[in-house]
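Here is a short briefing on one protein model, for you to read alongside the coordinates. Have a look at the structure first, then work through the points below.

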Amino acid sequence: MKSIEKVREQLAKGEFEFSHHAVVEHIPAIVCEQCGEKIFSREVTEKVRELLHSEQEPIRTVEVDVFDLAQV
Ligand SMILES: [Zn+2]
């Protein structure tokens with residue numbers, strides 16, 4: 001993301017590695033309209049960290065494909 005690029009506020013999905021690897025949906029974010037880069041505020045990131053360290057049950061569980069760029 002460069003400063004000249006256009007950004008907008010929207011709810012985004014993010015992946016985090018706090019207590020465990022998890023996907024979190026509907027996170028308030030600033031998203032770059034050109035490259036799709038997502039910026040989460042410090043407050044929002046802290047809220048996600050607290051959520052993932054809480055006893056909150058996930059709304060669903062998904063399988064994730066793992067790739068190794070060193071094997072390409
Ligand atoms: Zn960008």
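H26 has its place in strand β2; strands (E, at least two residues) and helices (H or I, at least four residues) are DSSP runs, numbered from the N terminus. The model is a predicted one: local features need pLDDT of at least 70, side-chain atom pairs count only at pLDDT 80 or more, and totals for chains, interfaces and linings use all residues. Residues are numbered from 1 along each chain as its sequence is written.

- Although H26 is not a glycine, its phi is positive, at about 60°.
- H26 counts as exposed because 10 other C-beta atoms lie within 10 Å; on this scale a residue is exposed at 12 or fewer such atoms, buried at 20 or more and partly exposed in between, with C-beta atoms placed from the backbone.

**The sheet**
- Strand β2 covers residues 21-32 and is joined to β1 by 10 bridges, the two running antiparallel.
- Within this pairing, P28 in β2 has L11 standing opposite.
- The open sheet has three strands in the order β1-β2-β3, with antiparallel pairing; two strands pair if DSSP finds at least two bridges between them.
- At the edges are β1 (7-17) and β3 (38-39), each of which pairs on one side only.

**The helix**
- Helix α1, residues 42-53, lies across β1 and β2 and runs at about 170° to β2; angles run from 0 to 180 degrees between N-to-C directions, and axes are lines fitted to C-alpha atoms, for helices over the stretch in contact.
- Along the sequence, the pattern reads β-β-β-α, with one helix and three strands in the protein.

**E5, ahead of the sheet**
- E5 sits in the segment before β1.
- E5 is exposed, because it has 11 C-beta neighbours inside 10 Å.
- Beyond its neighbours within four places in sequence, E5 is in contact with C32, E33 and Q34; contact here means C-beta atoms, placed from the backbone, within 7 Å.

**Overall dimensions**
- The protein has a radius of gyration of 15 Å, whereas a compact globule of 72 residues would have one near 11 Å; the radius is taken over C-alpha atoms, and the globule rule is 2.2 Å times the number of residues to the power 0.38.
- The C-alpha trace spans about 40 × 35 × 20 Å along its principal axes.
- Of the 72 residues, 0% count as buried.

Key. Two residues are in contact if their C-beta atoms, placed from the backbone, lie within 7 Å.
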